[in-house]
Structure formats: C-alpha cells, structure tokens
Amino acid sequence: MALLELAIELGASNTVIFKRGSGIVLREPSYIVVDDINHPNTAIAVGYGAKKMVGKTSDDVFVVNPISEGVISNPAATALMLREFLTKVLDGNIFRERIKAVLVIPCGLENKSKNMLQRLMFNLGINECYFVPSPLACAANFTDLQNSGLSAVMVNIGGSVTDIAAVNNNNILYGFSMSVGGNHMDEAICDYVQENFKVLISQVVAEKVKLEAGSLYDNDGASVEFSGADNENKNPHVDVISAYDIKQAVEPFYDMIIEGVETIINKCSPDVVSDIAQTGIYVCGGGANITGLDTYFAKKLSLPVHISEEPHNVATRGLGKLLSNPEVLAKVIKK
Ligand SMILES: Nc1ncnc2c1ncn2[C@@H]1O[C@H](COP(=O)(O)OP(=O)(O)O)[C@@H](O)[C@H]1O
Ligand SMILES: [Mg+2]
C-alpha cells in the first residue's frame, strides 16, 4: 500500500491540508453544522458552507467551530469535520490508503491536547501522526534563511492565538503562544461599533469589515458599508465604517503582538539579537494580511519585516515542504 503524506493545520479559523506531491489541496473554515451538538452523526454543512450559516440557524441545528488555541472543545464534531475534509481531498480513499499526517500545533501545546489530537487522527484512519510547532513549520519556507544559519523571529497571527519564536537551524530558542488573534480583533470591532455607532453587529460582520477596510496605515481612506441592528430599538441599521475606526479597534492587538516580539528578543543572547537585526521578523498567518502591517511593525520594532505571499498558508506550506525532507522533519517533530 502506498504511503500518503499530509501536512495539516487545524486552525481556530481555517483548516489547511497539504498533500505531498500535490501541494495545498484544501483550505476551508474550521466550521461544521450538526443536528446534535454532543452526538453529531451527520454534517449538515462543513467548511465554507458551515461558516455562512453562523448566526442564521434555527434552534435545532448547531454551528460548531470546534478548535481554539490548538485545543479541541468538541472532539466528535472535530472528527466529523476532518472526516469530511479528508474525504474531499482523498477522493473517498480515507480508509484504503496508509496515511501519515504531520500537524501544525501552537508553541507549548499541552500533552493532554496533543494526545487528544492523536487519538482523533488514529480514529479517522490516519496511521502515523506527528506534531510540529508552528514557528518551525513557518521557518521551513525560508530556504535562504535556513541555509544562512542565522536566527530570526517567526510570528504566526491566527484566529485565536499568535505564536512568536526566535528560531535557529530548525530549533526554537525562545517561543510562546499568546491568546491574541483575529477573533479577539473581531470582538473588539463589535464593541467599538456598539459604543461609537450604537449598532449591534455580529462577529461575522466585524470580520468582513476588517477584511475589506482594515488597515494599520494612519491615513488610509478606505471605508465599507455594514449593517446591523440599532442598539435601542433593534431596527435594521446600515452605516459606513472607516479604516480609521477599524484601526482603533484592532491596533491594540497588533501592539500586544509587537510587545510579544520584544519580550522574545529580550531573552535572546547578544549573538542571536545581532542575527535578528540582520534577518528580522517573518510575519505569517491570516492576521498578517492586514494592509500596512509591514510598515507598522518595521517602524515600531526598527527591524526588517517580511510578509510572504498568502501568509495564511505559510505554516502548512512549510510543513508540506518538510514532508520531502525526512531528516529535517525528524528534527522538528515534537513527540
Ligand atoms: N486582510 C486581513 N486583515 C486582518 N485579518 C485578516 C485578514 N485576512 C485574514 N485575517 C484574519 O486571520 C485569521 C485567520 O488566520 P488563519 O491563519 O487562517 O487562522 P488559524 O490558523 O488560527 O485558523 C482570521 O481571524 C481572519 O479574520
Ligand atoms: Mg494559521
């Protein structure tokens, strides 16, 4: 039986799957709609279809977003969601092939959570399952950096966590996972809109305006229409939010991430700091997509800032690359 090798990122916001020999074969929101929240048997919708239903279902149907901070809150729903995704990418061959999966995990994920992930993967018919902390998965993309032997800082801004680590030669020198991510920014946008526009909006709408007009530039002229319910009488209300407003809500979170980077750098030896002055900060994850992030970070940190294309796929792509490099993969795998 041929061995099928996968790199998987089970993110709080999105699940990404890379298949060796094919590249990224799936990127879908980590959402599933089920009929029974505790004993889900069938998926009413999954991925994009499920995320569209957030806040719009009747009382007997449940939208589940079952992963946060690398921790699975609803194992049955996660298993069903992953089964749907794997069936999609493996053309239904999930129990017919021998499968090895390597999973991206947040820095410092507890053994309890890793064991749960591993059990879940085995129950799905995955034969071998390994874990790689996200900074090392991200770093694997940057061949020039790896070949240089120099240290650098990896930052991965996801939906529920941001991982920050100083890395060198496939090792984490110092790293941690902060509970700061896109979901917290969306909540802050909801609060901001309620306070300043007197309008109630959902997190889905908050994320939408952030994606369309979010910016860390001071003078960004972007704006976007949004709709919600009037705070007082709950009538429909349409309004326009500017990039300035969105910045007021999201900037404190980017500042926390910058403080996290400074904390990591302050722990490093003078030699590593000197490397980082040269190499800089590699920012990945969906949160790296916000307009103006490179300028904002570079100004506050006085360091070079690199943002890859499709930063939201960097961790999975890096891990996917390592599937073809068993020697390095063995080094970065956390048992
Ligand atoms: N242009 C953008 N501006 C700001 N945040 C963004 C942008 N694009 C995506 N995001 C945010 O990135 C997060 C998802 O990133 P991702 O790396 O897929 O998360 P995870 O790995 O935790 O699932 C979401 O919170 C999303 O709102
Ligand atoms: Mg991610």
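Q: What share of the 335 residues in the protein chain is buried?
A: Burial is judged by counting neighbours: 20 or more other C-beta atoms within 10 Å make a residue buried. In this predicted model, buried residues make up 44% of the 335 residues in the protein chain.

Q: What does the secondary structure of the protein chain come to, and how compact is the chain?
A: The protein chain has twelve helices and 18 strands. Its radius of gyration is 20 Å, close to the 20 Å given by the globule rule for 335 residues, so the chain is as compact as a globular protein of that length. Along the principal axes, the C-alpha trace spans about 60 × 55 × 30 Å.

Q: What share of the contacts joins residues at least 24 apart?
A: The count takes contacts between residues at least 6 apart in sequence; of these, 64% join residues at least 24 apart.

Q: How should I read the sheet with the order 3-2-1-9-10?
A: The order lists strands as they lie side by side, while the numbers follow the chain from the N terminus. This is an open sheet of five strands with mixed pairing. Strand 3 (23-29) and strand 10 (128-133) stand at the edges with a single partner strand each, so one side of each has no neighbour in the sheet. On average, neighbouring strands of this sheet are turned by 20 degrees against each other, direction ignored.

Q: How many bridges join strand 2 to strand 3?
A: Strand 2 (residues 14-19) and strand 3 run antiparallel and are joined by six bridges.

Q: How many residues lie between strand 12 and strand 13 in their hairpin?
A: Two residues lie between these strands, and N169 in the turn has a positive phi of about 50 degrees. Strand 12 (residues 162-168) and strand 13 (residues 171-178) pair in the antiparallel sense over seven bridges.

Q: Which residues of helix 7 are buried, and what covers them?
A: The general idea is that an α-helix has 3.6 residues a turn, so residues three or four places apart point the same way. In helix 7 (residues 203-213), the buried residues are V205, A206, E207, V209, K210 and A213. Their cover includes helix 6 (182-197), strand 15 (223-230), strand 16 (236-242) and helix 8 (243-267).

Q: What surrounds ligand 1?
A: A ligand shell can be read by its members, their source and their class. Around ligand 1 there are 21 residues, of which the closest are G11, S13, G158, G182 and G286. Helix 6 and helix 7 each supply at least two residues of this shell, and the largest share, three residues, comes from helix 7. By class, the shell has three nonpolar, 15 polar and three charged residues.

Q: Why does S68 count as partly exposed?
A: S68 has 18 C-beta neighbours inside 10 Å, so it counts as partly exposed; a buried residue needs 20 or more. S68 lies in strand 7 (residues 67-68). Leaving aside neighbours within four places in sequence, S68 is in contact with A12, S73 and S160. The C-alpha atoms of S68 and L10 are 58 residues apart along the chain and separated by 9.3 Å.

Q: Is P252 buried or exposed?
A: P252, in helix 8, is exposed, because it has 12 other C-beta atoms within 10 Å. P252 and F226 are 26 residues apart in sequence and 22 Å apart in space, C-alpha to C-alpha.

Methods
Residues numbered from 1 in each chain as written. Chains lettered and ligands numbered in written order. Predicted model: local features only at pLDDT ≥ 70, side-chain atom pairs only at ≥ 80, totals over all residues. Helix = DSSP H or I, 4+ residues; strand = E, 2+ residues; numbered from the N terminus. Contact = placed C-beta atoms within 7 Å. Near = placed C-beta within 6 Å. Nonpolar A, V, L, I, M, F, W, Y, C, P; charged D, E, K, R; others polar. Rg over C-alpha atoms; globule rule 2.2 N^0.38 Å. Pairing = 2+ DSSP bridges. Axes fitted to C-alpha atoms, helices over the stretch in contact; angles between N-to-C directions.
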